Amino acid sequence: RVTAMQCAPAGSASAPHEPDVTVIVLDTLRAGGVLGAWRDQELMPSIHTATSAGRDHPRAYSGSNCTPPGHSSLFTGRYPAETGTLSKGHVRLPAEVLTLAEYLRMFGYTTLGVVSNTRLDSGLGFAQGFEQWDDGLVVDPSGHYYALRRVANSSLVRAVGGKRLMMRLKALADATSSANQHEVTAMMTSERVGAVLDQELGSGTRTAPVHLFVNYIDPHMPYDTRADLAQAFLPNVEDATMEAARHDMPKLLGLLYDLAKRLEAGEQPSGSADLAEKLDWVEEAYWEQCRQTDEGLRALFGHLQRHGLLDPEDLVLITSDHGEELGENAQFGHGNALFEESVRVPFLLLGGGFESGQDQRLVSLTDFFPTVLVAMGVDEAAWPRLLSGFPLQGRIPDDRMLRFESGQLRGCLAGHLKMIALDHGDRLEWTHAFDLSVDPLENHNLMLQDPLPEQVRRFLDRPPITPSSDAVLTIESGSDIDLAALGYADEVNKPR
């Protein structure tokens with residue numbers, strides 16, 4: 001289902017440069033996933049080779065630990081609490097918030113999006129600014145879904161049956177119309193992108209620059225990879241209990257919950273063959289999806305090359321909306337904590353004048369919006385107001401403080417000091433502090449020391465963020481799709 005969005009017509013603003021801008025989000029991929037390895041096996045060998053001239057940022061962070069607010073920070077250059085996407089559930093990006101796609105439309109860009117995550121369907125505001133937004137891989141193409149939801153939101157339904165009837169109709173729409181996100185593969189997403197590019201750009205000479213956004217659902221629960229690719233990714237850990245639950249999401253989540261309780265109780269893999277085997281199974285099942293993603297990205301780069309979107313002056317970002325816990329911190333999945341495994345993400349820039357190599361600076365997904373503006377040569381006076389990020393072509397302040405937040409969880413990172421708070425709506429309860437320079441695995445919570453270290457005390461004297469009433473809001477799961485069935489049990493679990 002390729003949806004023609006009701007976005008503003010292309011404007012007449014001009015810039016000295018008009019690079020094509022492609023954003024590739026590999027949903028749920030942890031930091032190091034693109035260029036990294038697991039047990040001496042390259043995770044994405046093809047894309048590693050194809051991006052050898054890229055600029056890697058190993059200290060990159062999402063603005064959040066789950067999909068909607070993570071994408072909102074990328075799209076808007078602002079943090080979730082600044083854009084109304086802090087609350088939990090099926091979050092909607094408000095129409096009044098300016099996105100990169102909307103801004104690029106003013107400069108005449110053709111804006112195209114293809115998504116593989118139900119939480120980004122075109123009814124949730126993330127498509128604003130895109131001429132075409134293809135969510136057909138995860139939303140029924142008949143229109144039945146949106147028709148039922150429109151009826152559910154009508155004043156007549158609210159008057160006759162109130163909120164209960166409205167929620168039941170929405171649940172009916174989800175149950176009868178939503179496609180199965182679990183069956184979507186990276187190759188299917190790339191084929192969809194190729195079809196959209198062929199339809200919108202054709203084979204002739206283009207007259208307008210292009211902004212393309214692609215969301216891949218890999219890697220993501222239920223950690224399912226095509227058999228031949230999984231077999232080639234060693235050591236092929238076998239665990240009959242875990243394997244039997246792979247396609248039964250409630251059962252799989254229950255098994256992961258049991259593993260988390262064992263780890264939280266202090267049980268160590270070194271002392272339990274059963275625990276070690278199950279943790280190995282989870283890790284391999286997660287990481288082997290990178291081979292399936294690599295296959296899809298190889299096809300995507302072919303489509304980009306064919307349509308002239310990989311020229312040296314063009315800008316390509318490969319990143320993720322958040323990471324994933326694989327047993328670290330007695331956690332699995334995402335959305336329930338702000339530890340490094342949840343919020344650090346890959347961030348690889350190609351083209352746009354960036355030299356190859358590593359950039360060790362602290363960067364955020366919010367930095368991409370201003371980075372595009374500098375690549376275009378837009379005068380700073382014409383930049384949108386309130387951007388929270390910094391252009392990566394210039395100097396980033398040594399004392400920069402970046403954030404990651406979702407629901408009641410609010411986190412900050414300045415230098416190597418990482419602070420995490422629980423937001424009660426009217427006050428912040430600071431629960432964790434880590435010095436990542438000496439404790440990268442976050443094993444030693446400085447908030448438990450007495451007296452508090454000087455750097456923590458100074459931070460608490462003048463915390464850089466304030467409480468938000470949005471933090472305690474939860475969007476009822478009954479009003480949207482069954483988040484738990486998609487692996488989003490994090491939306492109802494108690495935050496850590």
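Rings of Phe, Tyr and Trp (for Trp, its six-membered ring) form a pair if their centres lie within 6.5 Å; planes under 30 degrees apart count as stacked, over 60 as edge-to-face and the rest as tilted. By this rule, ring pairs join Phe75, Phe126, Phe130, Trp133 and Phe213 into a cluster. The model is predicted, so that local features need pLDDT of at least 70 and side-chain atom pairs count only at pLDDT 80 or more, while totals for chains, interfaces and linings use all residues. Residues are numbered from 1 along each chain as its sequence is written, and side-chain values use heavy atoms, with hydrogens and water left out.

**Overall make-up**

- The protein contains 15 helices and 19 strands; helices (H or I, at least four residues) and strands (E, at least two) are DSSP runs numbered from the N terminus.
- Of its 496 residues, 57% count as buried, where buried means under 20% relative accessible area, exposed over 50%, and partly exposed in between (1.4 Å probe, protein chains only).
- About 20,000 Å² of the protein is accessible surface, and 51% of this belongs to carbon and sulfur atoms; the areas come from the Shrake-Rupley method with a 1.4 Å probe, and for residues only the protein chains shown count as cover.
- Contact means heavy atoms within 4.5 Å. Among contacts between residues at least 6 apart in sequence, 73% join residues at least 24 apart.

**Aromatic pairs**

- The structure holds 14 aromatic pairs.
- One of them is formed by Tyr103 and Phe107, a tilted pair with 5.3 Å from centre to centre and 45° between the planes.
- Tyr103 counts as buried because its relative accessibility is 3%, and Phe107 counts as buried at 7%.
- The pair of Tyr286 and Trp287 is edge-to-face, because the ring planes stand at 80°, with the centres 4.8 Å apart. Both Tyr286 and Trp287 are buried.

**The sheet β16-β17-β18-β19**

- Four strands in the order β16-β17-β18-β19 form an open sheet with antiparallel pairing; two strands pair if DSSP finds at least two bridges between them.
- In general, the strands of a sheet pair through backbone hydrogen bonds, either parallel or antiparallel.
- The edges of this sheet are β16 (401-406) and β19, each of which pairs on one side only.
- Neighbouring strands of the sheet are turned by 20° against each other on average, direction ignored. Axes are lines fitted to C-alpha atoms, for helices over the stretch in contact, and angles run from 0 to 180 degrees between N-to-C directions.
- Strand β17 (residues 409-414) runs antiparallel to β18 and is joined to it by six bridges; Gly411 stands opposite Ile420 in β18.
- Helix α15 (residues 454-461) packs on the sheet and touches β17, β18 and β19, its direction making about 45° with that of β18.
- Strand β18 (residues 417-423) pairs with β19 in the antiparallel sense over seven bridges, and Leu422 stands opposite Glu429 in β19.
- The hairpin of β18 and β19 has four residues between the strands, and Gly425 takes a positive phi near 90° there.
- Strand β19 (residues 428-435) is mostly covered, with six of its eight residues buried.

**Nonpolar cores**

- A nonpolar core is a set of buried Ala, Val, Leu, Ile, Met, Phe, Trp, Tyr and Cys residues joined through side-chain atoms within 4.5 Å.
- The largest core has 53 residues, and those with the most contacts inside it are Ile24, Leu26, Leu212, Val282 and Trp287.
- Helix α10 (residues 249-264) gives the most to this core, with eight residues.
- Beyond its neighbours within four places in sequence, Ile24 is in contact with residues including Val214, Tyr216, Leu297 and Phe301.
- A second, separate core of 41 residues includes Leu104, Tyr109, Ala127 and Val345.

**Backbone details**

- The peptide bond from Leu234 to Pro235 is cis, with omega near 15°, and Pro235 lies in the loop between α8 (227-232) and α9 (240-244).
- A cis peptide bond also leads from Asp450 to Pro451, with omega near 5°; Pro451 is in the loop between β19 and α15.
- Thr28, although not a glycine, has a positive phi of about 75°. Thr28 lies in the loop between β2 (21-26) and β3 (37-38) and counts as buried at 0% relative accessibility.
- Ala330 is likewise not a glycine and has a positive phi of about 55°. The loop between β11 (325-326) and β12 (332-333) holds Ala330, which is buried with a relative accessible area of 12%.
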